[in-house]
Amino acid sequence: MEKGRTVVVSALQFACTDDVSTNVDTAERLVRAAHKLGANIILIQELFEGYYFCQAQREDYIQRAKPYKDHPTIFRMQKLAKELGVVIPVSFFEEANNAHYNSIAIIDADGTDLGIYRKSHIPDGPGYEEKFYFNPGDTGFKVFQTKFAKIGVAICWDQWFPEAARAMVLQGAEILFYPTAIGTEPHDGSIDSRDHWKRVMQGHAGANLVPLVASNRIGKEIIETEHGKSEITFYGNSFIAGPTGEIVSIADDKDEAVLIAKFDLNKIKSMRHCWGVFRDRRPDLYKVLLTLDGNNTVGDR
């Protein structure tokens, strides 16, 4: 019998100001709190350095982007990760010459930067106008071998695509992480996606038999747009799901939170192998997934 291999994961949840230093201080405080609770891998929410600026199409907001190399927040989180011996994925707005990405750097427990993932799926709708700011990511779906586990990390809108989760687990991801910024819809106050949002990611966990960690922000953020003020109330509900999709820890929609859950990765690995979903896959039948319309292979037109 293979010896157990336990890992403790954490999801953070907090309200952002529009001041970088204040938000990074908050993130550090909560990372330290998670560490005190025994966390090994700690997820901070998407674009936590400031307000979710994508409510507006404003050229001044593009200036918030910084190059990946020598990024001050990544550097600070490297020092923190090394001090505490924890893994920290760090979300940031990346400038790469004339391209811009919604990116995340994966910091290992010794402070080593393991590389970045760039968000693949870029939304464009009222209040979530990310296509104005971000190029589609060019890294492909990646996994990162950290001290505690091999992890897959995708970003917000990526969470709606089962192909992304499956691609990461196929490459060996033992836990999936999704930093997020999602809340109300400025154009229609009757829309509440929180339960849909959770169920889809619970499905990723259950379909792939891996734990999943989702971190979202809370609070009301008002942005001056080209059409007047836009307002989103972020609904939190950060959660950790187990390998059958069950929610094992969840936050509410208003309060700062540090969620914790412990998993035995070897036990889950055995269950995943015995369940047979990866044994019984039929990649030869999935070529339709390489099309946009169900008929024509992308690139063949």
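**Confidence, strands and a surface patch in a predicted model**

The model is predicted. Its protein chain averages a pLDDT of 96, and 99% of the residues score at least 70.

User: Which strand has the highest confidence in the protein chain?

Analyst: The lowest confidence falls in strand S6, residues 124-125, with a mean of 94. At the other end of the range, the value is 99. That highest value belongs to residues 41-43, which form strand S2.

User: How far apart are the end C-alpha atoms of residues 7-265?

Analyst: UniProt, in an unreviewed entry, places the feature "domain: CN hydrolase" at residues 7-265. Over this stretch the chain is 23% helix and 33% strand. The end C-alpha atoms are apart by 7 Å.

User: Are the residues of strand S11 (residues 212-215) buried or exposed?

Analyst: In a regular strand, side chains alternate between the two faces of the sheet. In S11, Leu212 and Ala214 point one way, while Val213 and Ser215 point the other way. On both sides, all of these residues are buried.

User: Which residue stands opposite valine 213 in S11?

Analyst: Strand S10, residues 175-179, runs parallel to S11, and four bridges join the two. The residue opposite valine 213 is phenylalanine 177.

User: Why does tyrosine 286 count as partly exposed?

Analyst: Tyrosine 286 lies in the segment after helix H6 (265-275). With Leu285, Val288 and Leu289, Tyr286 forms a nonpolar surface patch of about 370 Å² accessible area together. Partly exposed means between the buried limit of under 20% and the exposed limit of over 50%. Tyrosine 286 counts as partly exposed because its relative accessibility is 30%.

Terms used: Residues numbered from 1 in each chain as written. Predicted model: local features only at pLDDT ≥ 70, side-chain atom pairs only at ≥ 80, totals over all residues. Heavy atoms only, no water. UniProt positions renumbered as here; feature names shortened; annotations may be inferred. Patch = residues over 30% accessible without salt bridge, like charges linked within 9 Å, V, L, I, M, F, W, Y side chains within 5 Å. Areas by Shrake-Rupley, 256 points an atom, 1.4 Å probe, with all protein chains shown as cover. Salt bridge = Lys/Arg side-chain N within 4 Å of Asp/Glu carboxyl O. Buried < 20%, exposed > 50% of the residue type's maximum accessible area, 1.4 Å probe, protein only. pLDDT = per-residue confidence, 0-100. Pairing = 2+ DSSP bridges.
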